[in-house]
Amino acid sequence: MSSATSIQTSDKPLGRDDLARLVARDISPGSFVNLGIGQPTLVSNYLEPEQNITLHTENGMLGMGPEATGDQIDGDLINAGKIPVTELPGASYFHHADSFAIMRGGHLDICVLGAFQVSATGDLANWHTGAPDAIPAVGGAMDLATGAKDVFVMMTLLTREGVSKLVESCSYPLTGIGCVTRVYTDKAVFLTGPDGVQVRETFGCSLEELQALVPVPLAAASA
Amino acid sequence: MLNFVDTVGEAVAGIQDGSTVMIGGFGNAGQPFELIDALMDCGATDLTVVNNNAGQGDQGLALLIKEGRVKKMICSFPRQSDSWHFDAKFRAGEIELELVPQGNLAERIRAAGAGIGGFFTPTGYGTMLAEGKETRFLDGKWQVFETPIHADVALIKALTADGKGNLVYRKTARNFGPIMAAAAKHSIVQVSEIVPTGGLDPEVIVTPGIYVNSIVKVA
């Protein structure tokens, strides 16, 4: 099983920042990208200027810069997580219908989202636990999942209880069907699609050890 | 007809009980706090409110909800760390919620202003937010039929108006303002500055004055 060892690229699981660095490195130069609230926001810390990435925020801006600090803080300039941000040279503002036309119209290259669960065929569940007492809030999650050309998910592979979030089919309410193309986790990078799940690389485990954790058939991605 | 009024109280005086009111803003950016306070003071109740959220903290829309003046919220993201007034009303069964994906919310508002009777969109297909809705396979994907959201009144915050009611906004505070101005029968706008007709470059006007009915300057 030489392929199993050859795809292990780290002797230990990746931390949140290492994972964010890896996602940032995988974004093609010149891309238009939307980073979801939470862990995906970390990716912006690792984008290099020479990548020439333009960040979109769904409340109506392209060319979003880093989080604002001190005198830069302006209540009229916030991101989708309602955090004050800055604008970069070449930024543009537009109203909400235009902002979501940018998504729905397939103009964004990549969005990076968090998830509760992802299925083997790329279904995404990330907006609602379905608990009877939960107050549902969807925001732009469904629009992002449906609209971007590539949907990357960043999550820990296992829940706190040790259950895989990569599943045969999602038990949580769906956000989108067959929309996820890649799943970045602390233990491996998965490629999802109609043909099932391929593993691009593993961190701190072999493919066999990974397979023991995940209830869907895994295959090493062909290089 | 366009009116310039002196106070926010005059601006909202005509809002009736049972109205559907669109309120601009995404979080606090672009939220017309002074107009919402005036709506609170004018006593109109039994309102249906359209906004992205359902109020933050203890101000603006959150207070309108706390005081029981809102019977229904149409929004995309009601639950936040500081949405305690909405959360309490919702858990007590005292407020109705129509939850709409954010882009569908924006496009349904846009459709109302543009005279569109409805549209098919892939967003939400196969999810619980599309249950019971008509679906069709169009343009290579399954799509869901969504209907326009009309309103009696819109409350909007812009940066500057000119004498014709043309508007420009500021940064991400623009958000829902332009589409709500077009969708409501009566649009009320608070601005920081009013300039004479001709004082705004026609090339940079975001909302043409035809969509605007009342303008009030707030400090």
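What share of the contacts in chain A with a separation of 6 or more joins residues 24 or more positions apart? The share is 63%. The views below come from a predicted model.

**Figure 1. Chain A as a whole.** Chain A holds five helices and 14 strands. Its C-alpha atoms fill a box of roughly 55 × 45 × 30 Å along the principal axes. The radius of gyration of chain A is 18 Å. A compact globule of 223 residues would come near 17 Å, so the value for chain A agrees with that of a compact globule. Buried residues account for 45% of the 223 residues in chain A.

**Figure 2. A three-stranded open sheet in chain B.** The strands lie in the order 6-8-7, and their pairing is antiparallel. Strand 6 (119–121) and strand 7 (135–138) of chain B are the edge strands. Each of these two pairs on one side only. From one strand to the next, the twist averages 40°. Helix 5 (residues 102–114) of chain B packs on this sheet. Helix 5 touches strand 6 and strand 8 of chain B. The direction of helix 5 makes about 165° with that of strand 6.

**Figure 3. Strands 7 and 8 of chain B, side by side.** Strand 8 of chain B covers residues 141–146. Four bridges join strand 8 to strand 7, and the two run antiparallel. B:Phe137 stands opposite B:Trp142, a residue of strand 8. Strands of a sheet pair through backbone hydrogen bonds, in either a parallel or an antiparallel way.

**Figure 4. B:Ser83 and its surroundings.** B:Ser83 sits in the loop between strand 4 (70–75) and helix 4 (84–91) of chain B. Is B:Ser83 buried or exposed? B:Ser83 counts as buried because it has 22 C-beta neighbours inside 10 Å, and the cut-off for a buried residue is 20 or more. Beyond its neighbours within four places in sequence, B:Ser83 is in contact with B:Ala54, B:Gly55, B:Gln56 and B:Pro78. B:Gly132 is 49 residues from B:Ser83 in sequence. In space, the two are 29 Å apart, C-alpha to C-alpha.

**Figure 5. Where chain B touches chain A.** Here 36 residues of chain B are in contact with 30 residues of chain A. On the chain B side, helix 4, helix 5 and helix 6 (177–183) are the elements that give two or more residues. Which element of chain B gives the most to this side? Helix 5 does, with five residues. By class, the chain B side has 16 nonpolar, 13 polar and seven charged residues.

Methods:
Residues are numbered from 1 along each chain as its sequence is written. Chains are lettered from A and ligands numbered from 1 in the order in which they are written. This is a predicted model: local features need pLDDT of at least 70, side-chain atom pairs count only at pLDDT 80 or more; totals for chains, interfaces and linings use all residues. Two strands pair if DSSP finds at least two bridges between them. Axes are lines fitted to C-alpha atoms, for helices over the stretch in contact, and angles run from 0 to 180 degrees between N-to-C directions. Two residues are in contact if their C-beta atoms, placed from the backbone, lie within 7 Å. A residue is buried if 20 or more other C-beta atoms lie within 10 Å of its own, exposed if 12 or fewer, and partly exposed in between; C-beta atoms are placed from the backbone. Ala, Val, Leu, Ile, Met, Phe, Trp, Tyr, Cys and Pro count as nonpolar, Asp, Glu, Lys and Arg as charged, and the others, Gly among them, as polar. The radius of gyration is taken over C-alpha atoms; the globule rule is 2.2 Å times the number of residues to the power 0.38.
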